[in-house]
4 protein chains.
Amino acid sequence: MNGHSELRERVLEANLEIVRAGLVILTFGNASAVDRDAGVMAIKPSGVPYDRLTANEIVLVDVQSGAVVDGANRPSSDTPTHLVLYRAFAGVGGIVHTHSPFATAWAQSHRELPCLGTTHADHFDGAVPVTRPLSREAIEGDYERLTGEAIVEEFERLELDPLACPAVLVASHGPFVWGAGVAEAVENAVALEAVAASALRTELLRPGTEPIDDALRLRHFRRKHGPAAYYGQVT
Amino acid sequence: MNGHSELRERVLEANLEIVRAGLVILTFGNASAVDRDAGVMAIKPSGVPYDRLTANEIVLVDVQSGAVVDGANRPSSDTPTHLVLYRAFAGVGGIVHTHSPFATAWAQSHRELPCLGTTHADHFDGAVPVTRPLSREAIEGDYERLTGEAIVEEFERLELDPLACPAVLVASHGPFVWGAGVAEAVENAVALEAVAASALRTELLRPGTEPIDDALRLRHFRRKHGPAAYYGQVT
Amino acid sequence: MNGHSELRERVLEANLEIVRAGLVILTFGNASAVDRDAGVMAIKPSGVPYDRLTANEIVLVDVQSGAVVDGANRPSSDTPTHLVLYRAFAGVGGIVHTHSPFATAWAQSHRELPCLGTTHADHFDGAVPVTRPLSREAIEGDYERLTGEAIVEEFERLELDPLACPAVLVASHGPFVWGAGVAEAVENAVALEAVAASALRTELLRPGTEPIDDALRLRHFRRKHGPAAYYGQVT
Amino acid sequence: MNGHSELRERVLEANLEIVRAGLVILTFGNASAVDRDAGVMAIKPSGVPYDRLTANEIVLVDVQSGAVVDGANRPSSDTPTHLVLYRAFAGVGGIVHTHSPFATAWAQSHRELPCLGTTHADHFDGAVPVTRPLSREAIEGDYERLTGEAIVEEFERLELDPLACPAVLVASHGPFVWGAGVAEAVENAVALEAVAASALRTELLRPGTEPIDDALRLRHFRRKHGPAAYYGQVT
């Protein structure tokens, strides 16, 4: 073991928390965190049941090369997707991937998740986008890496700031969610599932509900984010 | 600490109970109670996680001035909304704000919650109203206070007794719920979420279901409230 | 205390079980059992929170007169409904009333719960009926007794055997469920909620799904009930 | 007791796990496993509550004759269905039958469960089929055995590999799910319920959503199954 024990512990805790929060069953998900100075990502090993997972089994991967730096286990099969996101999104410190039930339903319907209320605006500055489907060539090729590229491409196309909208719905698949650290990524994944559920029920009560207007969205997002934030405690 | 320890304890307990009841995740909610004689409101501090919350951290605020009377923490960012309600609704002793999943879906659809059955009538004497959207000026101005004013205005417009209909849906946001004390406010918040869920499912089974007729609604409301109540024990 | 301690214990346990099973929140429900030989019904006291309920507080009521035989508490406000059912349905030994979420949605939509699958047929021999709305006079009069009469009238009109279809949906209200004993009534209330949920979802997937045909319904009902039953152990 | 204690323990654990996973309430389900060398199946006894079930009560049945080999209890009433599946599907080592809420809704609507996303494709290589309704003669005859025959017939008609699509929806009834062992069968039953829920919600968000294309389906299925699998650890 070449260190990074605090990083491993944080990643272990995040992987356990997404199970406790009801976002993940079986082995449907993974969480990672990055140490930018060391150029190392820590991530869940592939297919290991959560109830037996230990910090020692968390796999360390080099962010640039993708090589396993330490660990006897294979990293999550979604590792190449995480790596692309860390490389492209500078401020991101942690990433969570789940198949949480309601967010997955939006991803499967290829619909972006519209901002229908202040719960959404407290966490995501606008609609959570859905990626465009991958080509057959991409699916049969370097699939996980190209999934990451499709996310980055969508954020570039929409000119989105990844920390203002810290989530995406991968079409026909499910959500990837991130944050300044992995604890924030977990929190955003919890929030995403809650707003995905409320948005579906809003659709049932009033099909085609319009997104909230910009003033309300910005008011709520800026209560919690940026220089004028007044939510929470002064730290 | 300048006292009010019983008030703080009650507010702490209410904040923990809305989490245990499944109405609140992350920091999506807050509960307060008022001491009318002292002119003091006790409320959750802003953004503090529920699992670490202690009675000492509950913040005391002057009901008239809004100034923090005691406590090292910032009060909930929704404090001005609570204060407006305590000033306008004389009999209210406690207030709960949540983003509970089904009540929020009704709020996001800008639909009042109709009284479709006796579970609703046991707690709310008629439809639970939804506020009208705030203007851009209000949103960009003294937003939380004006949210409270919009609630009061709606109750005046509809000539509703706040203790007969102890809840409102703030459009595009979520429910505020109250009661004679904060324990009753929590109970009403639990009931609101249950009837919001049943009402959505009733809508799915029979779109456009009419509210129950006045006789049945009044029978149930008066079983539990007012001089002719015969539900519960003689105390 | 004039005895019936075993009856009280069974009723206490049933009242606690409907809470544990998720059918009841707050004080939205009650369970009773009858001792036919003694002519006595034991029932939950009105409005007493479940977490403090003790066997001593269970109220004993004379089945014919409705008078409280023993107990310092008022019986459930639904007591007259229970009494009518015990008088009319000879084989019934226990009754459960809940506002369980999905069964209540069907009751609020004034739709009978159709038999859409074998889970339903394992417990209820055909559609679970919904009562006709009470008249204004009935609602303003002896409401709880007349609710019971409306149930009995519906079973007579449809020529239903109360033990073959041990549940009803009271329109705009919620389910009453019964059985040979109160433990069976609880089990039937759990089954009713499960089939109410599956039936709503079946309606969403295929609006207007037809009930299963008579052969399949009878096959399943008779696997578990009557002389040819072959489900369970020989006792 | 004539041995097979490890087999019984595994079957006990599977029966308890389907309850813990929320797939089974009351006695709505059963799990079995087979010892191919001994020609013996171990299965839950009929109608015994899960909270009192012990390994000794698990019933051993001869796979070919259906005779009880050991055990004082009657085997599950669904035993003949299990036996038909073990005889027809060579690689199957364990079977789980539940009435899990969302899978049952699809079964009751007589709709196959389409593959709408990668969560589905990770476990089931294509749509999970629904059986054709049994004839009246079959229902009134050797019903449970003929239910098994209807499953096998459907897999033959569709030319499906039972281990590539380890589940079926029995029309108007509910799911049967299997795997190489009974632990895998439980896992597949959990996955089936999750994808049934997401698929229903996808239908609500976009009625008539098309199945994912073949390339994406095969990519995900083959990540986890077959010679090119790269999910999980090398063992």
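Which residue of β4(A) does Leu60(A) stand opposite? The first legend below gives the reply. The model shown in these views is predicted.

**View 1. Strands β2, β3 and β4 of chain A pair in the antiparallel sense.**
Leu60(A) stands opposite Asp70(A) in β4(A). Strand β2(A) covers residues 40-43, and β3(A) covers residues 59-62. Four bridges hold this antiparallel pair. Between β3(A) and β4(A) there are two bridges, and these strands also run antiparallel. Five residues lie between the strands in the hairpin of β3(A) and β4(A). In that hairpin, look for Gly66(A), whose phi is positive, near 80 degrees. In a regular strand, side chains alternate between the two faces of the sheet.

**View 2. Asp78(A) sits in a loop of chain A.**
The loop runs between β4 (68-70) and α2 (79-88) of chain A. Is Asp78(A) buried or exposed? Asp78(A) counts as buried because its relative accessibility is 5%, below the 20% cut-off. Beyond its neighbours within four places in sequence, Asp78(A) is in contact with Asn30(A), His97(A) and Glu144(A), and with Arg223(D) from another chain. With Asn30(A) there is a polar contact, side chain to side chain, at 3.1 Å. Ser46(A) is 32 residues from Asp78(A) in sequence. In space, their C-alpha atoms are 8.5 Å apart.

**View 3. Helix α2 of chain B is mostly covered.**
The helix spans residues 79-88. Seven of its 10 residues are buried. Start at Thr79(B) and Thr81(B), then move on through His82(B), Leu83(B), Val84(B), Leu85(B) and Tyr86(B). These are the buried residues of α2(B). An α-helix has 3.6 residues a turn, so residues three or four places apart point the same way. What do the buried residues of α2(B) pack against? The strands are β1 (29-35), β2 (40-43), β3 (59-62), β5 (94-98) and β7 (174-179) of chain B. Helix α6 (143-157) of chain B is a partner too.

**View 4. Chain D and chain C bury about 2,800 Å² between them.**
Carbon and sulfur atoms give 55% of this area. In chain D, Arg74(D), Gln108(D) and Ile139(D) lose the most area to chain C. Together they account for 23% of what that side buries. The contact takes 33 residues from chain D and 32 residues from chain C.

**View 5. Polar contacts and salt bridges link chain D to chain C.**
How many salt bridges does the rule find across the interface of chain D and chain C? It finds three. In one salt bridge, the side chains of Asp78(D) and Arg223(C) meet at 3.4 Å, N to O. Between the two chains, 18 residue pairs are in polar contact. Helices α3 (101-108), α5 (136-140), α6 (143-157) and α7 (182-205) of chain D each supply at least two residues of the side that touches chain C. The largest share comes from α3(D), with six residues. By type, this side of chain D divides into 13 nonpolar, 13 polar and seven charged residues.

**View 6. Some chains of the model make no contact.**
No contact joins chain A and chain C. Their closest C-alpha atoms lie 11 Å apart. Chain B and chain D are likewise without contact. For chain B and chain D, the closest C-alpha atoms lie 11 Å apart.

Key:
Residues are numbered from 1 along each chain as its sequence is written. Chains are lettered from A and ligands numbered from 1 in the order in which they are written. This is a predicted model: local features need pLDDT of at least 70, side-chain atom pairs count only at pLDDT 80 or more; totals for chains, interfaces and linings use all residues. Side-chain values use heavy atoms; hydrogens and water are left out. Buried means under 20% relative accessible area, exposed over 50%, partly exposed in between (1.4 Å probe, protein chains only). Contact means heavy atoms within 4.5 Å. Buried area is the accessible area (1.4 Å probe) that two parts lose on being put together, summed over both. A salt bridge is a side-chain nitrogen of Lys or Arg within 4 Å of a carboxyl oxygen of Asp or Glu. A polar contact is a pair of N or O atoms within 3.5 Å; within protein, one must be able to donate a hydrogen and the other to accept it, and residues adjacent in sequence count only if both atoms are side-chain atoms. Ala, Val, Leu, Ile, Met, Phe, Trp, Tyr, Cys and Pro count as nonpolar, Asp, Glu, Lys and Arg as charged, and the others, Gly among them, as polar. Two strands pair if DSSP finds at least two bridges between them.
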